[in-house]
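This report describes one protein model in plain terms. Please look at the sequence and the structure before reading on.

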Amino acid sequence: MEELSRKLNGDIVKLTNEITYHRYLMNKGQLRDFFKELSIAEYIALHYISLDSEMSEIYSGRTYLKELAEKMQLSIRQTSKMVGDLRDRGLILWSHDGNGSEGTYVTITETGQKLLDEQEEVLKNYYGRVIEKYGKENMIQLLCLMKQLETVMSSTMEEMEEAGKNGKEREVIDYAELT
């Protein structure tokens, strides 16, 4: 039993290192070379803002800052800084309802939409080639698995933060019991 537990711990360490390494490669890597005028985060923000402008009849194409922060999993402060930078570059308009107490929102400008379209074309060209080589079904399956993994990772992080706030010790799993 003890040997099995050690083996499972060793496997988890190996998997942890492999996941960390591949996330590093994805975040570090060549994809940034495709972004000249926008950061990856700015691109994602513009994408969400553009989607809302096309699909949101209720809010007249507005994306509220709070919603954007939630979608991007950023704090309001981080989102505000990014939105301010995009506004200063003329890519979005930042406004508010009433006196501002009901929330602030952004809309994409023509310049922002043009830059977004250009960036999407670059990414479509690159990922089109990747998907052609990797396979559409493989890519869809990978994205589904990544989404599941991200959900599990986020909920685990929340559980660990909550346990830390409550002063509880981190739970230790007896891996021998899992087999």
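The model is predicted, so local features need pLDDT of at least 70, side-chain atom pairs count only at pLDDT 80 or more, and totals for chains, interfaces and linings use all residues. Numbering starts from 1 along each chain as its sequence is written, and side-chain values use heavy atoms, with hydrogens and water left out.

**Overall fold**

The protein has six helices and three strands. Helices (H or I, at least four residues) and strands (E, at least two) are DSSP runs, numbered from the N terminus. Read from the N terminus, the order of elements is α-α-β-α-α-β-β-α-α.

Of the 179 residues, 23% are buried. Here buried means under 20% relative accessible area, exposed means over 50%, and partly exposed lies in between (1.4 Å probe, protein chains only). The accessible surface is about 13600 Å², and carbon and sulfur atoms hold 55% of it. Such areas come from the Shrake-Rupley method with a 1.4 Å probe; for residues, only the protein chains shown count as cover.

A contact means heavy atoms within 4.5 Å. Among contacts with a separation of 6 or more, 54% are between residues 24 or more positions apart.

**Salt bridges**

The whole structure contains six salt bridges. The term stands for a side-chain nitrogen of Lys or Arg within 4 Å of a carboxyl oxygen of Asp or Glu.

Lys114 and Glu118 are about one helical turn from each other, because they are four residues apart in helix 5 (residues 110-134).

**A buried serine**

Ser50 is in helix 2. With a relative accessible area of 4%, Ser50 is buried. Leaving aside residues up to four places away in sequence, Ser50 touches Ile108, Gln113 and Leu116.

**Surface patches**

Patches consist of residues with over 30% relative accessible area and no salt bridge; like charges are joined within 9 Å, and nonpolar side chains (Val, Leu, Ile, Met, Phe, Trp, Tyr) within 5 Å. Lys and Arg count as positive and Asp and Glu as negative, while His and the chain ends are not counted. A charge is placed at NZ of Lys, CZ of Arg, CG of Asp or CD of Glu.

Glu158, Glu159, Glu161 and Glu162 form a negative patch on the surface. Glu161 belongs to helix 6 (residues 136-165) and is partly exposed at 44%.

Met26, Tyr134, Leu142, Leu143 and Met146 make a nonpolar surface patch of about 490 Å². Helix 6 gives the largest share of this nonpolar patch, three residues. Leu142 lies in helix 6 and is partly exposed, with a relative accessible area of 32%.
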